[in-house]
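Subject: Structure handover

Hello,

Here is the structure for you to look through. Please open it first, then read my notes below.

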Amino acid sequence: MFYELKQKVESPMEKLFLKDCVTLGIRIEPQVKIGRYRADFAIKERKIIVEIDGKEWHSSKKQIKKDLEREDYLYNLGWSIIRITGSEVYQNGEEIAAEIKGFLNSKESDEEIFRWSFSKQ
């Protein structure tokens, strides 16, 4: 399964995060088209998007504004968003994947994770 899925990822940090998730049995799909956007990863049965943010792509004011507009659009379609930085994936990818798996196994509402970012915890 990992081999087929890794063909869709666009960066080394996405590949590493995908490996951590698949290892834990998380049913996550890379590069999913949702409406007019494409998500880095989606857990479709729970309508959860995981975005891996590289510093070079998500640090300008213009890009931050576009990201917020995109999040609003996706939220209005019923999706929740988890944001993770590339540094977090490299430093704590397995731990982050374990936290996501724990959340998926809990009875908490998906609404609890809207715009959840590991760096802001």
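**What I found**

In the protein chain, residues 24 or more positions apart account for 57% of the contacts with a separation of 6 or more. Please keep in mind that this is a predicted model.

Start with the overall layout. The protein chain has 4 helices and 5 strands. Along the sequence, they follow the pattern α-α-β-β-β-α-β-α-β. The protein chain has 121 residues, and 43% of them count as buried.

**Two helices**

Next, look at H2 and H4. Helix H2 covers residues 12–23, and helix H4 covers residues 86–105. How are two packed helices described? By the angle between their axes and the distance between the axes. For H2 and H4, the angle is about 20 degrees and the axes are 9 Å apart. Angles under 35 degrees count as roughly parallel, so H2 and H4 are roughly parallel to each other. The crossing of H2 past H4 is right-handed.

Which residues make the contact? On the H2 side, they are Pro12, Met13, Leu16, Phe17, Asp20 and Cys21. On the H4 side, they are Gly86, Val89, Tyr90, Gly93, Glu94, Ile96, Ala97 and Ile100. Sorted by class, the contact of H2 with H4 has 10 nonpolar, 2 polar and 2 charged residues.

**Glutamine 31**

Now find glutamine 31. This residue lies in strand S1, which spans residues 29–34. Is glutamine 31 buried or exposed? Its relative accessible area is 15%. Buried means under 20%, so glutamine 31 is buried.

Check the backbone of glutamine 31 too. Its phi is near 50 degrees, a positive value in a residue other than glycine.

Then turn to the side chain. A polar contact of 2.5 Å joins the side chain of glutamine 31 to that of arginine 38. Set aside the neighbours within four places in sequence, and glutamine 31 is in contact with Lys8, Glu10, Glu14, Arg38, Ala39, Asp40 and Phe41.

**Lysine 47**

Last, go to lysine 47. You will find it in the loop between strand S2 (37–43) and strand S3 (48–53). Lysine 47 is not a glycine, yet it has a positive phi of about 55 degrees. How does its accessible area come out? The relative accessible area of lysine 47 is 33%. Partly exposed lies between the 20% limit for buried and the 50% limit for exposed, so lysine 47 is partly exposed.

Best wishes

Terms used. Residues are numbered from 1 along each chain as its sequence is written. This is a predicted model: local features need pLDDT of at least 70, side-chain atom pairs count only at pLDDT 80 or more; totals for chains, interfaces and linings use all residues. Side-chain values use heavy atoms; hydrogens and water are left out. Buried means under 20% relative accessible area, exposed over 50%, partly exposed in between (1.4 Å probe, protein chains only). A polar contact is a pair of N or O atoms within 3.5 Å; within protein, one must be able to donate a hydrogen and the other to accept it, and residues adjacent in sequence count only if both atoms are side-chain atoms. Contact means heavy atoms within 4.5 Å. Axes are lines fitted to C-alpha atoms, for helices over the stretch in contact, and angles run from 0 to 180 degrees between N-to-C directions. Angles under 35 degrees count as roughly parallel, over 145 as roughly antiparallel, 65 to 115 as roughly perpendicular and the rest as oblique. A crossing is left-handed if the near helix is turned anticlockwise from the far one by less than a right angle, and right-handed if clockwise. Ala, Val, Leu, Ile, Met, Phe, Trp, Tyr, Cys and Pro count as nonpolar, Asp, Glu, Lys and Arg as charged, and the others, Gly among them, as polar.
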